[in-house]
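I opened my notebook to look through one protein chain and the ligand beside it. Here is what I looked up, in the order I went.

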Amino acid sequence: MKILYLYIVFTLLISIKMNVFGLLYGIRRGRLLNRILSNSNPLMNTLAVKHRCINNKTSCQDTSDNVGQKYVKLCTTAADIEIFGQNLGNIIDIGDVLLLHGDLGAGKTTLSRGIITNKLDDMSARVTSPTYLLDNIYQYGEDKYIHHMDLYRLPNNSDLSILDIPNIYNKCLCIIEWSQRIDKTFYPVNYLDIKISIDNNTENRMITIIPSASNQNRLHDKLVELCKM
Ligand SMILES: Nc1ncnc2c1ncn2[C@@H]1O[C@H](COP(=O)(O)OP(=O)(O)OP(=O)(O)O)[C@@H](O)[C@H]1O
Ligand SMILES: [Mg+2]
């Protein structure tokens, strides 16, 4: 009887363990774990994971309004997005802040990879998603840095000073995925707002860039050219 009792308890424990592992795996794949983790302790996650890495078809809207003007590019493949990123890399530098939006898998990291490989002048450089690390840092030139961030794991209105935001905005080139997590306290004054939307039928991506007012004046001609490439 005692053995039977022990056997039942043992079987139950194994079954619970398997279910918990299965659940965690499923949650992780669906990124729900990230949300749960970040909701329970965003600060711990943020602190834990900073690391440093050293080392077509085109349509372009060119209206004459100033603020809020859109620059639009259609990309039919992931390679198109990466090339667009490389070209965009040519017209931005320290002090530029790119606020990336778009659904999961839209192509934000792919676009970032293009920008970063251009800046590193190394097309084969390994540029991975900062989803779990929150902030990947790359050095280029003499002493220039790119912060490639992904704020997906953070709840809205998080205290971003832990990532040295907003101090880094004018000291480096900032590329921020899931930038909708930034509330107005930490919002940059000058930025390029970049939205990538997916056409569900064709899988094509539409990139829409809306610069802040001063970037609009500074980059207008270059952005028009960029969208025509
Ligand atoms: N036309 C397309 N343009 C860009 N990516 C495409 C296209 N078609 C398919 N893909 C695929 O979509 C995926 C985009 O992944 P990527 O990691 O860049 O997205 P993301 O926006 O950064 O996602 P996340 O929100 O998870 O960070 C890649 O696997 C890419 O191959
Ligand atoms: Mg990404």
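**Entry 1: the overall layout.** Before listing elements I had to know what counts as one: helices are DSSP runs of at least four residues and strands are runs of at least two, numbered from the N terminus. I also noted that this is a predicted model. With that rule, I found 6 helices and 8 strands in the protein chain. Reading from the N terminus, I wrote the order down as α-α-α-β-β-α-β-α-β-β-β-β-β-α. Of the 229 residues, 34% count as buried.

**Entry 2: around the ligand.** Which residues come nearest to ligand 1? I found Ala78, Gly107, Lys108, Thr109 and Thr110, out of 20 residues around ligand 1. Sorted by class, the shell has 10 polar, 5 charged and 5 nonpolar residues. Helix H4 (78–89) and helix H5 (108–120) each give at least two residues to this shell. The largest share, 3 residues, comes from H5, and that sent me to the helices next.

**Entry 3: helix H5.** I checked the length of H5 against a simple rule. At 1.5 Å a residue, its 13 residues should span 18 Å, and the end C-alpha atoms are 18 Å apart, which agrees. Then I asked how many residues of H5 are buried. The count is 12 of 13, so I noted H5 as mostly covered. Among the buried ones are Lys108, Thr109 and Thr110, and these three are also on my list of residues nearest to ligand 1. What covers the buried residues of H5 includes H4, E3, E5, E6, strand E4 (135–140) and strand E7 (192–198). Just after H5, I saw that Asp121 takes a positive phi of about 55°.

**Entry 4: helix H4.** I repeated the length check here. The 12 residues of H4 should span 16 Å at 1.5 Å a residue, and the end C-alpha atoms are 17 Å apart, which agrees. The buried residues in H4 include Asp80, Phe84 and Leu88. Their cover includes H5, strand E2 (71–75), strand E8 (205–211) and helix H6 (213–228).

**Entry 5: strand E6.** Is strand E6 (residues 173–177) mostly covered or mostly open? I found it mostly covered, with 5 of its 5 residues buried. In a regular strand the side chains alternate between the two faces of the sheet. I looked for that in E6: Leu173, Ile175 and Glu177 point one way, while Cys174 and Ile176 point the other way. E6 pairs with strand E3 (residues 97–101) in the parallel sense over 4 bridges, and Leu100 has Glu177 as its bridge partner. E6 also runs parallel to strand E5 (residues 144–150), joined by 5 bridges, with His147 opposite Cys174.

**Entry 6: the core.** The largest nonpolar core has 43 residues. Those with the most contacts inside it are Leu98, Leu99, Cys174, Ile175, Ile176 and Ile194. I followed Ile194: setting aside neighbours within four places in sequence, Ile194 is in contact with Leu98, Leu99, Leu100, Ile207 and Ile209.

**Entry 7: one last residue.** I picked Tyr138, which sits in strand E4. Why does Tyr138 count as buried? Tyr138 has 23 C-beta neighbours inside 10 Å, and the cut-off for buried is 20 or more. I also noted that Tyr138 and His148 are 10 residues apart in sequence and 8.0 Å apart in space, C-alpha to C-alpha.

Technical notes. Residues numbered from 1 in each chain as written. Chains lettered and ligands numbered in written order. Predicted model: local features only at pLDDT ≥ 70, side-chain atom pairs only at ≥ 80, totals over all residues. Near = placed C-beta within 6 Å. Nonpolar A, V, L, I, M, F, W, Y, C, P; charged D, E, K, R; others polar. Pairing = 2+ DSSP bridges. Expected span 1.5 Å × (residues − 1). Contact = placed C-beta atoms within 7 Å. Core = buried A, V, L, I, M, F, W, Y, C linked by C-beta atoms within 7 Å.
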